[in-house]
Amino acid sequence: MINKVFLEGYMTYDPVLRKTNEKVAVTNVTLAIPSPGKKKENEAENNTYFVDVTFWNKQAESIAEYGRKGRLISVEGNIKTRKRKINDENISFNVIDVLSFSFLDANKKSSDEKAKEEASNDPDVFSEYSE
């Protein structure tokens, strides 16, 4: 049996590094995977699939440090089924345990970081304070 998944998608939120009780680094991320389809003749329909992925150890640390909402990444991993008890009901759901990943875009900066960088490069921004 083969259990291998390859996905490309956009990170839907900034990742947060956590530690398990055994002090193992773990980071969970949801990927938005656009999938164009057809609704009717000559009408495009855009479906987006959301897939939960889990990074472990050094990969968890890397994705938490360099990953940001909106970054395009590719992941290779295995499908795992996890179970949780929610409101006295057992819920099963699938996640991807990441074996390897790559960033597919340039390091995106937040709009605040871009604005600060542009302001620091523009001499007119501070001209009203000069003597």
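**View A. Thr27, a buried residue in strand S3**. Thr27 has a relative accessible area of 0%, so it counts as buried (under 20% relative accessible area; exposed is over 50% and partly exposed in between, with a 1.4 Å probe and protein chains only). This is a predicted model: local features need pLDDT of at least 70, side-chain atom pairs count only at pLDDT 80 or more, and totals for chains, interfaces and linings use all residues. Residues are numbered from 1 along each chain as its sequence is written, and side-chain values use heavy atoms, with hydrogens and water left out. Thr27 sits in S3, residues 25-40 (strands are DSSP runs of E, at least two residues; helices are H or I, at least four; numbering starts at the N terminus). A polar atom of its side chain lies 3.1 Å from the backbone oxygen of Ala60.

**View B. The largest nonpolar core**. Such a core is a set of buried Ala, Val, Leu, Ile, Met, Phe, Trp, Tyr and Cys residues joined through side-chain atoms within 4.5 Å. Among its 16 residues, Leu31, Val53, Phe55, Ile73 and Val75 touch the most other members. The largest share, four residues, comes from S3.

**View C. Phe55, Phe101 and Phe103, a ring cluster**. Rings of Phe, Tyr and Trp (its six-membered ring) pair if their centres lie within 6.5 Å; planes under 30 degrees apart are stacked, over 60 edge-to-face, the rest tilted. Two aromatic pairs turn up by this rule. Phe101 is buried at 18%, while Phe103 is partly exposed at 27%.

Terms used. A polar contact is a pair of N or O atoms within 3.5 Å; within protein, one must be able to donate a hydrogen and the other to accept it, and residues adjacent in sequence count only if both atoms are side-chain atoms.
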